[in-house]
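Thanks for coming, everyone. Let me put the model on the screen, and then we'll walk through it.

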Amino acid sequence: LSYPGPLAMADRYFSLYPEDTSPLWTSPCSNKRHREILPAWFNCSQLPQLLILGPQKSGTTALHTFLSLHPQVQTNRQSELHYEEVQFFSDDTLYQRGIQWYMEQFPYPPSPSVPPTNSSLPSSPPPPPTLLFEKSATYFVHPQAPQRAKAVLPQAQLVVILADPSHRAYSWYQHQRAHSDPTAVRFSFSEVIRASPSSPPHLSSLSHHCLTPGHYHQHISHWLEYYDHSQLLLIDGDELVERPAAVMDQLLEFLRLPFHPFQNILQYDSRKGFYCVVESNRRKKCLGKSKGRSYPPMTDEDQQWLSSYYAPHNAQLKELLTRLGRTPPRWLI
Ligand code: A3P
């Protein structure tokens, strides 16, 4: 038998195991022996301990903005690629860049936002540890994100915001229209949600991307194939809109971070119709124009159609939450 050569062997291997064509990065930080031989620049504490997973249009920017106000929390550097999001685990091109690239997206070394006290004074307390986090709303639905994230961040804590899936779908459609997506501009919301596989491909694709992130049970179950449920916090999207300070208290408890007076920093703004951040000059700073948009309310027909569409998915979500001993969001009760 003649040896076909390395290239032919590689072709054969990848035709047998196509899933191996893309690498799966694993963190050297979870192994003591690997940690000991790491180069000095490889700082394991430069990896995030918390991921806000999404889904898109559920209030992820509000949660990201509010959590960043905590003095013991830091997020990734601003990215020009996907606005403020890193999207390492959901963007194949970025994922190919490897763990070092991912680490470089975070501040080095994680520095507390509280100015360090003079260490020569014997009584000065150690600076508070800083928790690094990122939110990429694309992670929630991405088929490979849970496996990729687990391999790099096995101990990470995860946060998912559950907004009413019908409202989330409508918000997502309005977002596409605002970004002049030609299909969203051309077709009404009614037409988009009712599209079928036999509709023109661009319409059925838009419909799929609008509706399927709201199959919460399916996506959460996929993440729980890789992470223990004790690592996952579910936040009610309505609560985040109506009582953000209470949600932040809940989040701090989950992260075991010290109390922060969110009830003094977050104030309702009647013009915006949402809670905004009170700055040091006592002015309110609301999220940008693309968050908390004004658009006409959903029609009763579309609301009813979506309620029956999501009914079986919501029933499965309720079952899952009951099994996990979690309180269901208000819109699910
Ligand atoms: P709308 O703009 O459709 O109202 P994301 O940040 O994940 O893209 O989600 C955007 C949604 O966050 C907004 O959708 C809005 O409903 C919701 N949201 C929650 N709290 C908010 C806040 N304090 N300010 C603005 N939008 C908020």
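Leaving aside neighbours within four places in sequence, which residues is leucine 53 in contact with? They are Tyr139, Phe140, Leu158, Val159 and Val160. Contact here is defined by C-beta atoms, placed from the backbone, that lie within 7 Å of each other.

Two housekeeping points. This is a predicted model: local features need pLDDT of at least 70, side-chain atom pairs count only at pLDDT 80 or more, and totals for chains, interfaces and linings use all residues. Numbering starts from 1 along each chain as its sequence is written.

Now the core. The largest nonpolar core has 46 residues, and Leu51, Leu53 and Val160 touch the most other members. A nonpolar core, by definition, is a set of buried Ala, Val, Leu, Ile, Met, Phe, Trp, Tyr and Cys residues joined through C-beta atoms within 7 Å. Buried means 20 or more other C-beta atoms within 10 Å of the residue's own; exposed means 12 or fewer; partly exposed is in between; the C-beta atoms are placed from the backbone. Strand E4, residues 157-162, gives this core its largest share, 5 residues. Helices (H or I, at least four residues) and strands (E, at least two) are DSSP runs, numbered from the N terminus. Apart from this core lies another, of 16 residues, including Tyr170, Val192, Leu206 and Leu306.

On to the ligand. It is surrounded by 18 residues, and the closest are Thr60, Thr61, Ser171, Phe274 and Gly292. The test is a C-beta atom, placed from the backbone, within 6 Å of the molecule. By class, the shell has 7 nonpolar, 8 polar and 3 charged residues. For those classes, Ala, Val, Leu, Ile, Met, Phe, Trp, Tyr, Cys and Pro count as nonpolar, Asp, Glu, Lys and Arg as charged, and the others, Gly among them, as polar.

Where does the shell come from? At least two residues each are supplied by helix H3 (60-67), helix H7 (165-178), helix H12 (237-242) and strand E7 (274-278). H3 gives the most, with 3 residues. H3 is also largely enclosed by the rest of the structure, because 8 of its 8 residues are buried. They are Thr60, Thr61, Ala62, Leu63, His64, Thr65, Phe66 and Leu67.

Proline 55 sits in the loop between E1 and H3. A cis peptide bond joins glycine 54 to proline 55, with omega about 0 degrees. Lysine 57 is found in the loop between E1 and H3. Lysine 57 is not a glycine, yet its phi is positive, about 65 degrees. As background, most residues other than glycine have a negative phi, and most peptide bonds are trans. Is lysine 57 buried or exposed? Lysine 57 is buried, with 25 other C-beta atoms within 10 Å.

Serine 180 also has a positive phi, about 55 degrees, although it is not a glycine. Serine 180 lies in the loop between H7 and helix H8 (182-186). Serine 180 is exposed, with 8 other C-beta atoms within 10 Å. Its C-alpha is 32 Å from that of leucine 266, 86 residues apart along the chain.

Step into H8, and we find alanine 184. Alanine 184 counts as buried, with 21 C-beta neighbours inside 10 Å. Not counting residues up to four places away in sequence, alanine 184 touches Tyr173, Gln176, Arg177 and Leu206.

Last, a helix pair. The axes of helix H11 (residues 216-224) and helix H15 (residues 300-323) come within 7 Å and cross at roughly 40 degrees. That makes H11 oblique to H15. Angles under 35 degrees count as roughly parallel, over 145 as roughly antiparallel, 65 to 115 as roughly perpendicular, and the rest as oblique. Axes are lines fitted to C-alpha atoms, for helices over the stretch in contact, and angles run from 0 to 180 degrees between N-to-C directions. H11 makes the contact through Tyr216, His217, Ile220 and Ser221, and H15 through His313, Gln316, Leu317 and Leu320. By class, that contact has 4 nonpolar, 4 polar and no charged residues.

Terms used:
Contact = placed C-beta atoms within 7 Å.
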